[in-house]
Amino acid sequence: MKKLIRIIALAFVLVFAIGAIASSAAAYTTYTYSYGGQPLSSPDAYRPYKQIDSSYMNLPAALSKPSDLYIDNETGEIYLVDPQQGTNEQPGAIYVLDENYKYQYKIDSFINSYGNPDRLKGASGVAVANGKIYIADTNNARIVVLDRETKECVAIHNTPDAEVVEGDAIYSPIALSVDAAGRMYVVSSTTIDGIISLNADGSFASFIGAQKVTYNAFELFWRRFQSAEERAKTEKNVSVTYNNICIDKDGFIYVTTENIDPSSQQSAITGKSKSGDYAPVKKLNAKGNEIMRRNGFWPPSGEVAVRNEYQVDKTKDIYGASTIVDVAIGPEETWSIIDSKRSRIFTYDKNGNLLHAFGDKGTQLGNLQQPGAIVYQGSTMLVLDKQENAFTVYHITEYGEVLLKALELTNNRQFTEAVKYWNTILQSNNNYDAAYVGIGDAYYRSGDYNEAMENYKVASDVESYSEAFKRWRKDAVNDYLFLIVAVIVVFIIVVGKYLGYAGKVNKRVATQGGKRKFYEEFLYAHHVMFHPFDGFWDLKHEKRGSVRAATAWLAIAVVAFCYNSVGKSYMFSGGKPGSLISTALSVLVPLFLWVLANWCLTTLFEGEGSFKDIYIATCYAIAPMPFLVICSTALTHFVSLSESGFVSLTMGFAWVWFFLLLFFGTMVTHDFQMGKNIITMIATVVGMAVIMFVAVLFSGLLIKMATFVSNVITELTFS
């Protein structure tokens with residue numbers, strides 16, 4: 001009996017243990033995004049290890065809404081800022097922990113430069129550099145500088161200059177970073193002109209990284225009638241403030257803001273904007289220029305496929321663009337941001353590629369209630385939860401270490417070795433597009449452009465594919481220069497011979513009588529192309545063309561557009577060819593609508609052309625397009641995306657030529673003057689819209705009638 005009880009007890013223990021492990025593993029899902037914006041599940045790069053609270057840290061007092069974390073990379077000490085937003089009796093403190101998260105001492109008071117006791121009040125941010133501790137003493141509106149070893153006050157920097165604070169605003173430093181030269185970059189919650197740059201002595205240097213102010217056409221017009229004060233006020237309403245800052249080893253500054261208009265922020269993401277105008281995180285140089293690389297599939301701004309998550313989980317009423325509250329620099333030039341709206345962490349490489357995203361709201365280990373700060377302790381990640389008054393330690397997984405190793409080798413230009421690690425990643429996560437991009441980058445830098453293109457193609461990275469294609473094309477041109485020149489010369493000769501033959505046929509037919517053959521009617525289109533006035537006149541009055549030849553040209557145009565739909569290179573199609581049926585209809589339907597609408601208006605505008613004349617003239621007007629459309633399609637296989645203007649120019653020339661021929665053909669067919677012809681063509685376009693509306697209305701009525709008859713038959717059948 002005792003043995004049975006022990007077995008049952010052991011079973012319960014195992015069940016609870018397995019449940020705890022499963023619960024921990026299911027804390028969140030790690031994912032990335034595909035080129036098409038689809039979330040793709042990924043192995044965990046980080047897993048939660050432990051939540052560190054006041055009790056674990058052995059703090060002398062429990063935390064109350066901590067605001068910031070900072071790690072001194074030289075000493076390994078961790079600075080935990082707890083403003084407490086209190087009175088002089090509870091001024092807040094900065095708790096200093098060792099690398100094992102145990103309390104060492106706190107900073108809440110000091111002797112100032114006048115020899116008097118002084119204390120912090122609502123300090124919100126801290127930074128350590130050059131052997132000094134810099135504290136954003138928020139409620140005292142100053143920066144306090146202490147010696148790291150002695151904790152003695154070195155300097156106090158009050159409001160730097162009158163120009164920093166305008167009107168009734170109060171200087172309110174909430175975060176700061178310091179570079180190797182001692183320059184301080186301060187985020188003030190009330191400053192809309194950007195980051196405040198202070199010299200090492202605390203004097204004001206400049207504002208950097210101010211958010212650009214944009215206006216629509218109406219606002220630009222209205223500002224002409226505004227006074228200088230009103231224009232300044234308008235700019236303040238549009239500008240945004242920053243909420244956090246950090247600086248990397250090279251002195252580049254990362255800043256975040258949560259005050260970007262959500263719709264503008266999301267539009268920049270869906271539009272794959274390379275600009276930082278509506279980005280919630282920016283990278284600035286010392287002059288304040290925005291230099292962040294946004295070369296990933298999507299701009300590094302947090303969530304991509306935003307949706308109403310209440311429809312998925314009734315406990316989460318979340319919608320819209322990410323709310324970014326902090327940024328941290330990780331190993332191998334990676335960096336991470338916190339989306340406080342979803343309690344998620346997004347990590348990117350130096351080029352803006354999303355490496356992984358994870359996290360969720362909740363009280364389970366690994367989830368967060370109100371994330372407010374993030375720092376890296378080597379490859380370990382610490383994330384502060386303001387609501388839980390604790391921070392969570394995330395340890396990197398084996399998968400995450402392989403990912404960092406691949407980045408390290410790529411950054412060190414050891415491309416052959418990097419490919420091995422990227423392939424290892426693909427063995428664990430074969431839908432990880434960033435790995436294919438990494439392999440493509442490695443091959444690209446090693447000069448194997450063909451392999452680079454293949455990997456970029458798998459990842460749907462069209463822009464990188466285009467860059468590799470340019471290098472591959474350069475090598476191909478050098479290898480096959482003679483053959484390429486020969487093909488071009490032969491092509492020009494063939495086209496010239498064909499046009500010469502068509503000219504001879506048209507000249508001969510002009511002087512001979514009798515019934516014309518199909519090929520003679522067909523080739524007459526070449527005369528119409530270059531001599532539209534007499535060409536369209538003879539087309540109608542001398543019967544140089546026919547319905548069968550016109551239909552042949554229309555069929556060729558349909559084939560040319562279908563080829564354009566499915567025959568463009570990967571760079572211009574993205575590997576997604578169009579539908580042949582929809583392409584054919586997109587040519588045939590507008591053409592027949594034009595002919596029908598124009599014919600319907602002939603009586604109203606006293607036109608002389610019949611339905612047949614209009615159809616023939618329209619089809620002959622389309623004759624130049626097939627050749628140019630085929631050329632532009634073929635051209636996509638020889639130019640890169642940056643040279644797409646040649647393709648657009650060819651297609652644009654084709655459409656202009658067609659519209660000019662259509663204009664002159666309509667004018668000659670109906671014997672109109674210029675002005676009357678313009679009015680007729682505008683009326684024809686309106687008539688096309690009316691016919692489409694009537695057709696849609698009539699088809700809808702037919703569907704309703706058919707549904708009604710079907711319902712009646714059903715009722716009679718079962719009655």
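The model is predicted. Phenylalanine 297 lies in a loop, phenylalanine 358 in a strand, and helix 12 is mostly covered.

**Phenylalanine 297**
- The loop that holds phenylalanine 297 runs between strand 20 (281-284) and strand 21 (324-329).
- With a relative accessible area of 11%, phenylalanine 297 counts as buried, because buried means under 20%.
- Lysine 272 is 25 residues away along the chain, and its C-alpha atom is separated from that of phenylalanine 297 by 7.5 Å.
- Lys272 is also in contact with phenylalanine 297.
- Beyond the neighbours within four places in sequence, other contacts of phenylalanine 297 include Tyr33, Ser34, Tyr35, Asn353, Asp433, Val437, Ala459 and Asp461.

**Phenylalanine 358**
- Strand 24, residues 354-358, contains phenylalanine 358.
- The relative accessible area of phenylalanine 358 is 0%, and the residue is buried.
- Phenylalanine 346 is twelve residues apart from phenylalanine 358 along the chain, with 6.9 Å between the two C-alpha atoms.
- Leaving aside neighbours within four places in sequence, phenylalanine 358 is in contact with Tyr28, Thr29, Thr30, Tyr46, Ser343, Arg344, Ile345, Met381 and Tyr394.

**Helix 12**
- Helix 12 spans residues 518-530, and ten of its 13 residues are buried.
- The buried residues of helix 12 are Glu520, Glu521, Phe522, Leu523, Tyr524, Ala525, His526, His527, Val528 and Met529.
- The cover over these residues includes helix 11 (481-511), helix 13 (532-541) and helix 14 (547-567).
- Helix 17 (611-621), helix 18 (624-635) and helix 19 (645-670) are also among the elements that cover the buried residues of helix 12.

Technical notes:
Residues numbered from 1 in each chain as written. Predicted model: local features only at pLDDT ≥ 70, side-chain atom pairs only at ≥ 80, totals over all residues. Heavy atoms only, no water. Helix = DSSP H or I, 4+ residues; strand = E, 2+ residues; numbered from the N terminus. Buried < 20%, exposed > 50% of the residue type's maximum accessible area, 1.4 Å probe, protein only. Contact = heavy atoms within 4.5 Å.
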